Amino acid sequence: MSERHRWAVAALAASMMPAIVTAQDTTALVQRLHQLELLRHAAVVAVARAESARREKLDTVRSGALVIVVRPGEAALVRQASGVAWTRLDSLYGDEAATLSSTPMLFFLLGRPRPQVAHLYPVIADSAATSADVAFQLVRAASEVIREKADTLFSNWTGSLLLAEVPAATEHARVYVELVTAPSVAVRRCYAGTADACAAALGLREGILQSWGDAAERRALVAHSTDYLGRLRPAVDACMLGSDSACLDVLHARGFEPPLSTDARQSLVRLTLVSGGRRALGRLAHGASRSLSQRFALAAGMPVDSLILAWRRAIIEARPKPVTIAPARAWTALGWIVLMGLMAFRSSRWR
Amino acid sequence: MSHAVDIRDLHYRAGKNFEIRELGLRVPTGSLYGFLGPNGSGKTTTVRLMLGLLRPLGGTITVLGASVPRDIPRILARTGYVPEQPHLYTTLTVDEALRFHAVFYPTWDGTWANELVGHFQLDRARRLSQLSKGEMGKLEMLLALAQRPELLVLDEPTDGLDPVVRRDVLAALLDYVSQQNATVFISSHLVHELERICDWVGVMDRGRLVAELPMQSFKNGIKRLRVANPPALPGDTPFVVLAREAGNGASETWTVRGWQAPMSQYFEGVGASLREVIDLDLEEGFVELLRTFREPRG
Amino acid sequence: MFRMILFTQWKWSRLTLLPLVVTAFALPLLSVQRAGNPQTTPWEARQLLNSVESWGVAYPVLATTIALFMAMTAWSADHRGRHVYALSLPIPRWHYALQRFGAGAILLGAAVIALWLGALFAAGTASIPAGLHAYPTVIAVRFALALFLAYAVFFAITAGTTRTAGYVLAIIGGIIVVQVLLETAGVHVALVPFIGDRLILWPGPLEIFSGRWMLIDV
C-alpha cells in the first residue's frame, strides 16, 4: 500500500473515533470496534502487498506496439512470443494495432502469485505454456483490448472477439452452411444473389426487422424463444394466433440478432480489412455518427453493395466439399478388402 | 501287393507329452484293415495325419497313390471318412445335409443314398441336432458310403452305438465292400468287432506301431503255454517269447508269438515239458501284446 | 457347390440378417424425418442438417454390426465342429474359404441395396431446401465399402486359428503395455494415438469409416 493509502485508512479510522466516543449504546460500540478491527487488518494486508511489490523486480518487453510487463524469469519466453503475436496483430488490425501501446499488459504464469501491479491488462498462461501458447494468449488479450476501444455500435455488431487465428477458408465454409440453412427470407435472397438482402441479413441496415424473414419465420422465431417479460405475454399470444404486427412488436421489444451469425459478420470485417488496408479497422471501429453501411464503404474504399457482393462471392466459392468419395479413398478401401480377404484364405488353418 | 495307404517314418508331436515317431503303416488295397490301440495311443491322430487334417513334422504319407498333403483334394474325393466325433452341420436337416454333401463328390450315388435313408429309417426333415447318437452314426456312414469311395476311413464308427445300430452300420459297410473292391481302414478299440470283419490288423500304442500282420496270423500266433521244468534261459527258440510268469511249483506260463504245433519239440530238447497250449482270442492277444511292448523282457 | 454354400450361409444368417437389412433401409429415412413434411419451412434446414449429421454415426456402426454378424455366421458351424468337416471336403482349402467369403458378401449386398433404396426413397420424399443436396448413391457406395471392409477384417480373424487371434491380441496388448511403460518412464511418446491415426487417416484401413456420413449436405 502506498503512503497515501495508509494515510487514508488512518484518516478513515480517525473519522470514526468521534462516533465511537459519542456512542452511548454498548452494542453499537462493539460493532464499531469490530469494523475498526477489520479496517486495521486490511491496512496491514495492503502494506504487506506494497512492500512485496516494491521488493519484486519486473521487466518490460516491447514488440511493435505491444508493451508487456513480466517477471525477469519469463521475459525470454514473452519476448519470443510477442514477436509472433505482434506480426499477427499488425497484419490483421493494421494501424489500429498501434493503439495497443497505450494499454500495457501484465503477463504471469498460472500457479504463481500475480505481481502486484495495478492498471495493467492481465495475460495469463499455463505454467507449461510454449512460446506459441503465449503468443496465442497475447493475441487474444490484444484483440480484446482493441475491441474494447471500438465504439458500441461496431463492437455490438461484431459480437465476439475478432481473432487473428481463424483461417479464411474454414470461416467461409462455415458461413456458407449458414447461408444455406439460416431460417430467414433475407438469407435465402442473399444466397440467391441480392446484395440488399445480404446487407439486411448481416444487420447492416437497422430497423428493418421485417426484411429478415417472412411472417411464418417471425412467428417461428417468437415461438422458439421462451424468455419473455410478462408484459409481452399478450403480444406473444396474439402473434401465435397469426398477428404479424404482434410478432413484430415482440421481436422489437425482445431484440434479436441479425439472421447471419457473428461468424458471417466477422468474415465481412476481415474482407474489409484486406480490401481497405491498414486504416480500415479504425474507420470501422470509430465511425462517430456514421452508420455501419457507411463505415464499411469508407473502410473498404468501395460501395457497400460491391463489398457485400464480393463477400458473397467469396462465401459461395468456399462451399465445403460435398460428401463424396474420392477415387483414391475408394481404391484404397478396395485394396484393404482384398488384402484382408487374402489373409483369410492364407490362414494357417488352411495350409 | 499294392497299398491303399502307405505311411513311412511318420513323425508328429502334439504338445510335450505325445509324439508319434518313425511310424510305418501299410494298408493293402482291398483289405479291411483294423487299426487297434488303447485310448490315447494315437489312432485318431494317425487318421487325421493320413487325411491331411494335421501336418506331420516328417515322413511321407501316400494314400491311393497320391501324396498327402499335396494332393489332398484328389484323395478326399475318393475317400469316405467317418470321424470319431460327428462333424456335420447340425443346423441342417438330414435332407439338406445330403444335398450339401452330394455337391462335393462327383461319384455321389443319389439313388443308393435314398435307399440307405430308407434302410436306416432316417427322417429327412429332422434337423441333425435332433438326431440320436445312433441316427447320427448311421447318417455319417451313409454319407461316406454314398460317395462310392475307393477308401473308407472309419474312426471309431460304432463307438457308443447300441448293438442294433452297430449291426446295421457294419452290415451296410460289409454290403458295400462286397460290391466294390474298396479298402476299409477302421480305427477302433472294440477288438471283438474288428475280429469279426477285418483281415488285417495294426496295433498302435503310445505313438508306435507295435504290430502289423494279417488278422489270422495275429489271432493264431499268440498262445499261452504252460511249461513244466522250464529252462532258466530260453535260448534260441523257434517262436517269440513275449512273457514268462512263474506258476505253481516248478512250472511257468509262457506267452509266445508265432507258435506252431511242431514247435513243441523244443521243450523236449531243453528238458522241459509242455503241459498245455491255450488259445488267446484277439482281445487277450492284444492285451498281451501291449503288455510285453510296455514292459521290457526279462 | 457355391449354391449349397450360399444356401447354408443364408439358412444360418437369415433370422438376424433380415432385421438388419430392414434397419439399413430405414436408416436414411429416419435421418431425414424432419424433412418429410412438404410444408417444411427453411427454418427446418439447419435442424435437418443437424439431424442428418447426428444419424450419420449410425451408418458405420450398422456396417460394422452387419459385417461382424455375417463373418461370425460364416464360420460358427465350422468352429463348432472344429473345422473337421470343411477340412475333409475334397476341395482346396482356400477355395472353400473363398466360397464362404463370397456367400457372405452376396448376402451383404442385400443390406447395401436396401440402404441405397432407402436413401433414394428418403432423398425423393424429403423436402430439401435450396442450397442443400442429397447424396443417396454416394452414401450407399461408402456404406458398401465400409461394410465389405469390416466383413473382410472380421472374416480373416474368425477364419484364423486361436493362435492367430492370440497373436493379434498380443500385439495390441503389447502396444498398450509399451505405451504405459513409456509414460511411467517419463517418455512422452504418443504411441497409441500415433497408431490410431495411421489406422484412421488415409490410407489407413479404417479411413472409410471416419468423417461425416451425410445423406443430405451442402
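What follows is a tour of the nonpolar cores and of one interface.

Some housekeeping: this is a predicted model, where local features need pLDDT of at least 70, side-chain atom pairs count only at pLDDT 80 or more, and totals for chains, interfaces and linings use all residues. Residues are numbered from 1 along each chain as its sequence is written, chains are lettered from A and ligands numbered from 1 in the order written, and side-chain values use heavy atoms, leaving out hydrogens and water.

**Stop 1: the largest core.** Select L100(A), L204(A), W311(A), V203(B) and F143(C): they touch the most other members of the 198-residue largest nonpolar core. (Such a core is a set of buried Ala, Val, Leu, Ile, Met, Phe, Trp, Tyr and Cys residues joined through side-chain atoms within 4.5 Å; buried means under 20% relative accessible area, with a 1.4 Å probe and protein chains only.) Helix α6 of chain C (residues 136-159; a DSSP run of H or I, at least four residues) gives the largest share, 14 residues.

**Stop 2: F143(C).** Show its contacts (heavy atoms within 4.5 Å): leaving aside residues up to four places away in sequence, they include Y59(C), L62(C), I66(C) and W213(C).

**Stop 3: chain C against chain A.** Here 46 residues of chain C meet 35 of chain A. Zoom to R329(A) and E207(C), whose side chains form a salt bridge at 2.7 Å, N to O (the rule: a Lys or Arg side-chain nitrogen within 4 Å of an Asp or Glu carboxyl oxygen). Now colour α6(C), which supplies 11 residues, the largest share of chain C's side of this contact.

Technical notes:
Buried < 20%, exposed > 50% of the residue type's maximum accessible area, 1.4 Å probe, protein only. Helix = DSSP H or I, 4+ residues; strand = E, 2+ residues; numbered from the N terminus.
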